[in-house]
Amino acid sequence: MPLTNIEKKLIIDIDHRVNEILFNGGNDGDLLKYAYSLLKKNNLKKILDSVEDGELDTFCDNYTGFHVIMKLL
């Protein structure tokens, strides 16, 4: 099943938050704390359960902050 608009918005929100963390001098520890909060809320699980083949790569290519979180995990 393809991602819903809500899940796509979540990817964009993740991208913006990660870029904000990095812009403000955040480090891997800060990113891990943020990733933990996403895992705790099951936000990443919702995305990964719904993503179609190749769709995740496309989002990682288009949203570098989202890619950073996915690579970190």
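Predicted model: local features only at pLDDT ≥ 70, side-chain atom pairs only at ≥ 80, totals over all residues.

Residues are numbered from 1 along each chain as its sequence is written, and side-chain values use heavy atoms, with hydrogens and water left out.

Helices here are DSSP runs of H or I, at least four residues, numbered from the N terminus.

First, the pair. H1 and H2 pack at an angle of about 155°, with their axes 10 Å apart; the axes are lines fitted to C-alpha atoms over the stretch in contact, and angles run from 0 to 180 degrees between N-to-C directions. That makes H1 roughly antiparallel to H2, the term for angles over 145 degrees. From H1, the contact (heavy atoms within 4.5 Å) uses Asp13, Ile14, Arg17, Val18, Ile21 and Leu22. H2 supplies Asp30, Leu31, Tyr34 and Leu38.

Now H3, residues 43-50. Which of its residues are buried? They are Asn43, Leu44, Ile47 and Ser50, buried meaning under 20% relative accessible area with a 1.4 Å probe, protein chains only. They cover an arc of only 140° around the axis, which puts them on the same side of H3; the arc is taken from the directions from the helix axis to the C-beta atoms. Their cover includes H1 (5-23), H2 (28-40), H4 (55-62) and H5 (64-72).

Last, Asn43. At 13% relative accessibility, Asn43 counts as buried. Leaving aside residues up to four places away in sequence, Asn43 touches Leu10 and Leu38.

Definitions and conventions. Buried < 20%, exposed > 50% of the residue type's maximum accessible area, 1.4 Å probe, protein only. Helix = DSSP H or I, 4+ residues; strand = E, 2+ residues; numbered from the N terminus. Parallel < 35°, antiparallel > 145°, perpendicular 65-115°, else oblique.
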